[in-house]
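Here are some notes for a colleague opening this structure for the first time. Please read them with the model on screen, taking the points in order.

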Amino acid sequence: MSKHVKDIQVARKNIFVTGRPGCGKSTLIEKAVAQIKNRATGFFTREIRKRGRRTGFSITTLDGKQGVLAHETIQDRPRVGKYGVNLQDIDQVAVPSMMPFAPDQVVVIDEVGKMECFSPLFRETLIRVLDSAHPVIGSIAQKGDKFIEEIKARDDVLLVRVTEKNRDAPELLSRLLSVSQ
């Protein structure tokens with residue numbers, strides 16, 4: 001295998017989508033996961049809403065475990081805006097789901113953002129998974145601290161910008177699915 005071909009394969013092993021909130025990043029990843037089926041492990045984050053108002057964010061793993069990522073009723077530090085971040089659920093729910101248990105599994109991480117990155121265990125596990133032979137499909141904050149910017153700049157990460165105009169383009173889904181083959 002030529003060095004050039006190897007470089008292309010490495011560059012495509014981990015794919016992160018990025019874009020403005022609400023542009024369709026998670027929905028795009030969900031479509032990819034639906035086609036990968038049982039070959040994926042990882043988690044999604046979702047808004048927690050009460051009476052039509054966002055009150056926090058949840059963690060849901062692909063095998064059905066649930067936790068709270070952040071909530072306005074959590075008074076502890078760290079905080080992002082009005083939300084207290086729940087490091088315990090990041091470490092006990094999200095992080096274990098990032099560890100593949102089969103050789104051909106794809107790791108789904110929705111998302112790599114400020115809240116998740118408050119956990120040293122999350123950051124350490126993310127690096128370990130990105131360095132592994134397992135492909136990663138995820139979403140990552142459009143803007144972030146040094147750690148997030150370093151993840152986006154890795155040679156083995158392909159960063160794909162999602163917008164409301166391109167989110168339904170078949171090429172985006174095909175690109176995400178390419179890592180699972």
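1. In this predicted model, helix H3 passes helix H5 in a right-handed crossing. H3 covers residues 87-97 and H5 covers residues 120-131, and their axes come within 9 Å and cross at roughly 20°. Because angles under 35 degrees count as roughly parallel, H3 and H5 are described as roughly parallel to each other.

2. The residues that make this contact are Ile90, Asp91 and Val95 on the side of H3, and Leu121, Phe122 and Thr125 on the side of H5. Sorted by class, the contact of H3 with H5 consists of four nonpolar residues, one polar residue and one charged residue.

3. Is Asn14 buried or exposed? Its relative accessible area is 0%, and since buried means under 20%, Asn14 is classed as buried.

4. The side chain of Asn14 has polar partners that can be traced in the model: with the side chain of Lys13 it makes a polar contact at 2.9 Å, and the side chain of Asn14 also reaches the backbone oxygen of Leu130 at 3.4 Å.

5. Leaving aside residues up to four places away in sequence, Asn14 touches Leu130, His134, Pro135, Val136, Asp156, Val157 and Leu158.

Conventions. Residues numbered from 1 in each chain as written. Predicted model: local features only at pLDDT ≥ 70, side-chain atom pairs only at ≥ 80, totals over all residues. Heavy atoms only, no water. Buried < 20%, exposed > 50% of the residue type's maximum accessible area, 1.4 Å probe, protein only. Polar contact = N/O pair within 3.5 Å; in protein donor to acceptor, adjacent residues only side chain to side chain. Contact = heavy atoms within 4.5 Å. Axes fitted to C-alpha atoms, helices over the stretch in contact; angles between N-to-C directions. Helix = DSSP H or I, 4+ residues; strand = E, 2+ residues; numbered from the N terminus. Parallel < 35°, antiparallel > 145°, perpendicular 65-115°, else oblique. Left-handed = near helix turned anticlockwise from the far one by under 90°. Nonpolar A, V, L, I, M, F, W, Y, C, P; charged D, E, K, R; others polar.
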